[in-house]
Amino acid sequence: MSEFFQATVLLGLLTAGVRLATPFLFAGLGEMLSQRSGVLNLGVEGIMLIGAFVSFFVAFESGNLYLGLLAAILAGAFMGLLTAFVSVTMKAVQGISGIGIHILGLGLSGLFFRLTMGSISTMRGFPRLAIPILKDIPVLGRVLFNQNWMVYAALLLVPISWAVIYKTTFGLKVRSVGENPHAADSLGISVTRVRYICVVIGSIMASIAGAFLTIGQHEAAFVNNIAAGRGFIAVALVYFAKWNPLGVLAGAFLFSMIDAFQLRIQIIDIGIPYEIPVMLPYIVTIVVLALSTRGRVLGPTALTKPFVRGVHT
Amino acid sequence: MQLRIWNRNVLVNWGVPIAAVFLALVVGAFFLGLAGANPLVAYRSMFYEALGTRYGLTETVVKAVPLLLVGLGICIAFRTGMINIGAEGQMIIGAITGTAFALSFPGLPAPLLILFSFLAGFVGGALYGFIPGILKAHLNVNEILTTVMLNSVALQLQFLLLRGLMMDPQERAYGTGYPQSASIVEAARLSRLIPRARIHSGVFIAIILAVIVFVLLWKTTIGYRMRAVGKNYDAAVYGGIRVKRYLVLSMVLAGGLAGLAGTIEVVGVHYRLLDGVSAGYGFSGIVAALFGQLHPLGTIPSAFFFGALLFGAERLQRSVGVPSAMVHVIQGLVVVFVVSSDYLTKRFLQKRVDVGFKRLRQEGVAAPEELPLQGRSHE
């Protein structure tokens with residue numbers, strides 16, 4: 001127990017925390033965009049699973065990791081179109097249709113994994129890419145600047161999302177469509193198109209988050225249900241973040257540190273059953289959700305409400 | 001005239017979702033083809049296995065029982081506007097508490113033992129449903145997310161107990177350590193209906209409960225208020241309904257029914273608590289309830305249909321070599337198609353309302369300009 005708090009262990013924990021924040025960042029920022037436009041995409045978990053499998057399968061067969069990532073992007077776009085069709089065009093109840101997409105993703109990834117690979121195979125994922133000079137900063141260098149490029153990309157997406165949402169015309173459109181679609185519509189903004197774009201981008205990011213779980217790891221492998229609820233946690237994170245990219249960053253680190261922590265206590269035996277640390281992230285999610293909804297900040301007004309011209313809900 | 005409208009509406013209400021399921025199966029056929037099976041052969045073998053043999057038919061009913069119980073809870077929760085995705089977890093907790101009771105009091109006379117085991121299962125599931133209910137009602141915490149998280153927690157709790165406190169002493173004695181509880185005494189088991197089949201008297205319990213839930217939702221004040229909350233929350237508040245109380249109550253009942261499903265799986269089928277007792281029924285039950293139009297009586301045939309689908313898909317592996325994950329693919333497609341088709345039904349009904357008003361206006365009768373149709377169900 002005492003060695004647990006040694007500096008090297010703590011450093012390892014932080015490094016793992018930064019790495020594990022990556023899927024939360026990709027999926028969470030994507031979900032935030034989708035929700036900002038008024039669409040709750042609950043299928044994130046299923047889309048992550050598809051991204052994880054497709055990227056690993058293509059990378060494994062072709063030997064090219066980038067080809068795997070590209071395949072995940074395409075698969076994510078396809079699932080995004082399906083999600084958008086169901087929740088925007090068919091105006092389905094988003095809470096339920098998202099669960100359908102989740103079950104579908106779980107089924108498809110499991111089915112094709114069994115059919116094509118069948119057993120667990122491993123390969124080398126994206127290698128670490130130490131950033132010169134920066135990597136020599138004590139502590140921070142090792143924790144932040146000695147990761148693979150997907151980690152850097154995820155971190156860069158935070159300021160990019162912020163700029164897109166608050167500083168571009170597109171971001172303004174997204175926010176207006178999520179807050180008051182009728183007003184946006186009367187100004188000539190196509191609510192349907194904006195929502196389609198946001199849902200598809202969000203789904204692609206969820207798929208990339210899934211790809212990170214396989215080919216973004218040093219030792220890449222796919223196992224059934226590899227996302228293990230991370231997609232749902234990413235959705236929860238958006239509520240915690242109060243629909244703000246910086247909040248997503250904070251939330252992603254909170255959950256990834258818990259994740260790193262629970263993985264660590266599973267490995268070092270401190271005499272408690274391993275199920276208890278595994279439960280930890282889920283319980284913390286509930287507690288955090290309960291605490292974070294106490295504030296007055298409400299989400300996009302039109303969240304989960306389908307848009308029908310002339311019918312105010 | 002009156003009758004014709006009714007008939008047409010019934011036709012649309014049922015025809016559209018049935019068409020949606022058919023479409024889902026057609027798309028599923030595409031994936032079956034990708035999986036290297038002839039879709040027609042696969043579907044035929046699926047439904048023949050599930051409905052055409054004595055064993056298959058009984059197993060279909062065995063699977064329909066937990067689906068129906070879970071589905072009934074879903075009807076209550078969704079009708080009250082609570083999207084309860086936590087039936088899987090509630091079912092696990094119910095299985096745990098029900099088994100724990102049956103194992104703790106083996107000396108009780110049979111009827112009491114069974115009754116109290118059910119009660120324990122119901123209470124366990126209800127308490128587990130209470131958590132997301134109270135969080136939603138008082139802190140406005142999204143119930144979808146909390147129930148999903150609680151599913152994972154329940155699963156781990158089950159592992160924890162089966163590897164520790166509740167593990168079969170024999171497993172420990174022999175050192176095999178298989179994660180299952182000791183088996184419950186004879187007196188705690190539900191009777192089997194026919195020899196050499198697992199179909200048990202839980203079927204009747206489930207059907208009776210379906211009728212009770214129907215009466216509760218449509219013939220009592222409580223049910224009326226719950227549906228009012230689900231249909232229009234603000235109007236319910238304005239109408240003086242204590243909405244928070246009903247949000248919590250709906251989750252308690254939904255959790256309780258799921259918990260009962262867990263207990264029934266133990267006392268009717270497995271006779272012990274084992275890893276995977278919930279077997280995805282918590283999710284499939286949602287699909288069954290949706291297809292049953294979120295109506296307790298509609299959920300009866302729907303649960304039977306999905307029981308057949310589950311059993312048939314399980315058999316696919318052996319008959320045509322398609323992995324059983326296929327059942328998730330089909331279920332996911334069914335949810336997506338059924339939920340999407342809702343819009344078509346609504347639009348059709350709306351059109352009829354519009355046409356009616358237009359005629360009224362032409363005849364010079366004053367009619368409201370616009371009457372947006374309320375959601376037929378779950379909104």
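Predicted model: local features only at pLDDT ≥ 70, side-chain atom pairs only at ≥ 80, totals over all residues.
Residues are numbered from 1 along each chain as its sequence is written, while chains are lettered from A and ligands numbered from 1 in the order in which they are written. Local features need pLDDT of at least 70, side-chain atom pairs count only at pLDDT 80 or more, and totals for chains, interfaces and linings use all residues, with side-chain values using heavy atoms and leaving out hydrogens and water.

Student: How far apart do the C-alpha centres of domain 1 and domain 2 of chain B lie?

Tutor: The bounds come from an automatic or database domain assignment, which gives domain 1 of chain B as 1-35 + 323-379 and domain 2 of chain B as 64-322. The C-alpha centres of domain 1 and domain 2 of chain B are separated by 28 Å.

Student: Which helix gives the largest share of the side of domain 1 of chain B that touches domain 2 of chain B?

Tutor: Contact here means heavy atoms within 4.5 Å, and helices are DSSP runs (H or I, at least four residues) numbered from the N terminus. Between domain 1 and domain 2 of chain B there are zero salt bridges and one residue pair in polar contact, both residues at pLDDT 80 or more. Helix 1 (2-34) and helix 14 (326-362) of chain B each supply at least two residues of that side of domain 1. The largest share, eight residues, comes from helix 14 of chain B.

Student: How much area do chain B and chain A bury between them?

Tutor: Buried area is the accessible area (1.4 Å probe) that two parts lose on being put together, summed over both. The contact draws 46 residues from chain B and 44 residues from chain A. Carbon and sulfur atoms account for 82% of the buried area, which is about 4000 Å².

Student: Which residues form a salt bridge between chain B and chain A?

Tutor: A salt bridge requires a side-chain nitrogen of Lys or Arg within 4 Å of a carboxyl oxygen of Asp or Glu, and the rule finds one across this interface. With the closest N and O atoms 2.7 Å apart, the partners are R163(B) and E275(A).

Student: Which helix of chain B supplies the largest share of the side that touches chain A?

Tutor: Helix 1, helix 5 (110-139), helix 6 (143-163), helix 12 (281-291) and helix 14 of chain B each supply at least two residues of that side. The largest share, 13 residues, belongs to helix 6 of chain B.

Definitions and conventions. Polar contact = N/O pair within 3.5 Å; in protein donor to acceptor, adjacent residues only side chain to side chain.
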